[in-house]
Amino acid sequence: MSNDLGVLFSPYTLNKLQLANRIVMAPMTREFSPDGIPGDDVAAYYRRRAEGGTGLIITEGTTINDPVASMGENIPVFHGEQALAGWQHVVNEVHAAGGKIFPQLWHTGTARNPAKMKNSDVPSASPSGLQAPGKKVSEPLTVKEIEHLIASFAAAAADAQRLGFDGIEIHGAHGYLIDQFFWEGLNQRTDAFGGSMENRGRFAVEIIKASRAATGPDFPIVLRYSQWKQQDFEARLAETPELLEQFLAPLVEAGVDAFHCSTRRYWEPEFAGSDLNLAGWTKKLTGKTAITVGSVGLDADFIGAIAMQESSGTRAIDDLLERLDKGEFDLVAIGRALLQDAQWPRKLREGRLDEVESFDAKSLASLA
Ligand SMILES: Cc1cc2nc3c(=O)[nH]c(=O)nc-3n(C[C@H](O)[C@H](O)[C@H](O)COP(=O)(O)O)c2cc1C
């Protein structure tokens, strides 16, 4: 077994960052940070994943400095002295265990439910004030407000670097703020931030450029994106490889190092006529590092799991290893399997498959 797994445990260089293997912990919101401050339990949780052999940890989404960025009082924020001190402790613990870690920088846009927040009277931010196609909940952001948000992402990138994080991931997926700009269904602007594919990508492009300028050429910057949206699982940003290329090219130009291509099942072909998945296409079209994700080691996608409705069995990973070996993608993100079992990489590597814990949605209730 361990020979076949060799490719998964081979080192990889992202920008100038050396990763011990190809296993990435996928960002997973846990809501165990009261008032947005990550505590010792959060640091210990990430340290256990580093000790278990995860090559790169991407933290749960953590929100930039904007009053309406977050969607829960227990979601960690990425601004303010106390929260950043908490994150400093997380970085130190992960590094002490030999791991690498990026924060996932997030703004939830109109996916936020104001009623769940202390500042419920402040309207949510989005390109056109829409929460779902046709469902208006607030006013469109002004250009000045957009510029403030771009600066806020860049400030978070600079803070990440200052605290010793090894890079950042910008959350541009799943129908949250950045994706609300990407997606025609929620972006009806007629200015430079809406309309064409290029214009809908401008918010992300400006965030990447500003983050790059704030951190220099060697700091790894990953952009996570998805075709699917929480508002519509069937939505697509790009219906063809040509459109996907149009979407990706300006992001590459802006200075992104890698794309984290969020799919719910990694084995699904992205476009008819080819077996390549979204990460495969992204790598082929851009030449950039591509991270795949979606039910690795599991046999069901994660939407039911978030709703605490289902557990998930395991799926053989031979096909994944073959594709990694062929270079379809470079890194493999693991969500629920790592949430369940911090020792997943080590157990796999040592052939202790019978000891791998199967994902059980009940695990979401604690920070083990
Ligand atoms: C509890 C939970 C929380 C999640 N939170 C985030 C998040 O904060 N940011 C994000 O980009 N994706 C989030 N996701 C999606 C995961 O990063 C990942 O893409 C998904 O779980 C599929 O991977 P898996 O099948 O290996 O679990 C979350 C998933 C789960 C199960």
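Visitor: Leaving aside its neighbours within four places in sequence, which residues is Ile334 in contact with?

Guide: Bear in mind that this is a predicted model. To read contacts, look for residues whose C-beta atoms, placed from the backbone, lie within 7 Å. With neighbours within four places in sequence left aside, Ile334 touches Ile23, Met25, Ala26, Val296, Gly297 and Trp344.

Visitor: Which residues have the most contacts inside the largest nonpolar core?

Guide: They are Val24, Phe153, Ile208, Ile291 and Ile334, in a core of 100 residues. Helix 3, residues 143–163, gives the most to this core, with eight residues.

Visitor: What share of the contacts in the chain with a separation of 6 or more is between residues 24 or more positions apart?

Guide: That share is 72%. As for burial, 51% of the 368 residues in the chain are buried.

Visitor: How many helices and strands are there in the chain?

Guide: The chain has 12 helices and 12 strands. Its radius of gyration is 19 Å, close to the 21 Å from the globule rule for 368 residues, so the chain is as compact as a globular protein of that length.

Visitor: Which residues come nearest to the ligand?

Guide: Of the 25 residues around the ligand, the nearest are Ala26, Thr29, Gly61, Gly335 and Arg336. The shell holds 13 nonpolar, nine polar and three charged residues.

Visitor: Which element supplies the largest share of that shell?

Guide: Strand 8 does, with three residues. Strand 4 (56–63), strand 8 (168–174), helix 9 (303–306) and helix 11 (336–340) each supply at least two.

How values were computed. Residues are numbered from 1 along each chain as its sequence is written. This is a predicted model: local features need pLDDT of at least 70, side-chain atom pairs count only at pLDDT 80 or more; totals for chains, interfaces and linings use all residues. A nonpolar core is a set of buried Ala, Val, Leu, Ile, Met, Phe, Trp, Tyr and Cys residues joined through C-beta atoms within 7 Å. A residue is buried if 20 or more other C-beta atoms lie within 10 Å of its own, exposed if 12 or fewer, and partly exposed in between; C-beta atoms are placed from the backbone. Helices (H or I, at least four residues) and strands (E, at least two) are DSSP runs, numbered from the N terminus. Two residues are in contact if their C-beta atoms, placed from the backbone, lie within 7 Å. A residue is near a molecule or strand if its C-beta atom, placed from the backbone, lies within 6 Å of it. Ala, Val, Leu, Ile, Met, Phe, Trp, Tyr, Cys and Pro count as nonpolar, Asp, Glu, Lys and Arg as charged, and the others, Gly among them, as polar. The radius of gyration is taken over C-alpha atoms; the globule rule is 2.2 Å times the number of residues to the power 0.38.
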